[in-house]
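Subject: Handover of a structural model

Dear colleague,

Please find below the model that I am handing over to you. My notes on it follow directly after.

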Amino acid sequence: MNCIITATRPATRVAAEIFGETGKSENALGTNAVIETILSRSAAKYYDPAAILSDDQIRDLVRIGTSAPTSFHLQNWRFIAVRSPEAKARLRPIAWNQPAITDAAVTFIIIGQLADASTVPDRLAPVVEAGIMPAHLVPEWEIPARGLYDNQPQRQRDEAVRSATFGAAAIIYAARSLGLGSTPMIGFDDEAVHSEFGLAEDEVPVMLLTVGPERAGNWPQKPRMPVADVLDFA
């Protein structure tokens, strides 16, 4: 797969400028593929409509997405990979008719599930089985989780959005590292998506995420606000 990558400055030079003097830092960061991926990522608008991703490629992206952190190891997310022409045709009208929905190889519906502390023992069972966590600690996680989320609908929803967003971010950077474009999108009718794609009552469609090989015309990453404008030390 080929994608068009353009940038006003090489990612390694941007990283060096962030972390210190260009000589020493650029040499050290020049081999840091993670930083290069992050600093060269931009939202894609134009996708190759003839390109496809295999089932295994889609599974790999989601597997990487599920490596993101969640509170109490809740893993309160789900992903719908909209990639068939029929499913894309159902999604596009309720996603503000954005061309990327049908042009991109796949559009993920990124779903957050309301935080449910009762799931903590089930989520931690594999952790205990793997020998990472002793079984006696499970109640020590479940009890505070219940105190945090039980009968707290706003916190439950906030956690759904947080978890889904972490998962989406992991997919975004994984896609970039594989030479794929991606675009997180909030332009959609959430009630229509919920109904059309059969989401459960406790599920929130947090965003759409288009992923696929790009075609020419996409912009490089746009300049960001200076760190001095957004950072305070305490």
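Axes here are lines fitted to C-alpha atoms, for helices over the stretch in contact, and angles run from 0 to 180 degrees between N-to-C directions. Helices (H or I, at least four residues) and strands (E, at least two) are DSSP runs, numbered from the N terminus. The model is a predicted one: local features need pLDDT of at least 70, side-chain atom pairs count only at pLDDT 80 or more, and totals for chains, interfaces and linings use all residues. Residues are numbered from 1 along each chain as its sequence is written, and side-chain values use heavy atoms, with hydrogens and water left out.

Helix packing

Two packed helices are described by the angle between their axes and the distance between the axes. Helix α8 (residues 138-149) packs with α9 at an angle of about 110°, and their axes are 8 Å apart. α8 is therefore roughly perpendicular to α9 (angles under 35 degrees count as roughly parallel, over 145 as roughly antiparallel, 65 to 115 as roughly perpendicular and the rest as oblique). In this pair, G147, L148 and Y149 of α8 meet R155, Q156 and E159 of α9, where contact means heavy atoms within 4.5 Å. By class, the residues of this contact are two nonpolar, two polar and two charged. Here Ala, Val, Leu, Ile, Met, Phe, Trp, Tyr, Cys and Pro count as nonpolar, Asp, Glu, Lys and Arg as charged, and the others, Gly among them, as polar.

Helix α3 (residues 33-40) also meets helix α9 (residues 153-177): their axes come within 9 Å and cross at roughly 105°. This makes α3 roughly perpendicular to α9. The residues in contact are T37, I38 and S40 in α3 and Y173, R176 and S177 in α9; they divide into two nonpolar, three polar and one charged. Within α3, the residues I35, T37 and L39 are buried (buried means under 20% relative accessible area, exposed over 50%, partly exposed in between, with a 1.4 Å probe and protein chains only).

The sheet

Four strands form an open sheet in the order β1-β2-β4-β3, with antiparallel pairing; two strands pair if DSSP finds at least two bridges between them. At the edges lie β1 (77-82) and β3 (181-185), each of which pairs on one side only. On average, neighbouring strands are turned by 25° against each other, direction ignored.

β3 pairs with strand β4 (residues 203-212) in the antiparallel sense over five bridges. Among the bridge partners in β4 are L208 for M185 and G212 for G181. α9 packs on the sheet and touches β1, β2, β3 and β4, its direction making about 10° with that of β4. Helix α4 (residues 55-65) lies across β1, β2 and β4 and runs at about 30° to β2. β3 is mostly covered, as four of its five residues are buried.

Q113

Q113 belongs to strand β2 (residues 106-113). Q113 counts as buried because its relative accessibility is 17%. Its side chain reaches the backbone nitrogen of W77 at 3.5 Å, and it makes a polar contact with the side chain of E203 (3.1 Å). A polar contact is a pair of N or O atoms within 3.5 Å; within protein, one must be able to donate a hydrogen and the other to accept it, and residues adjacent in sequence count only if both atoms are side-chain atoms. Not counting residues up to four places away in sequence, Q113 touches Q75, N76, W77, R78, A160, D202 and E203.

With kind regards
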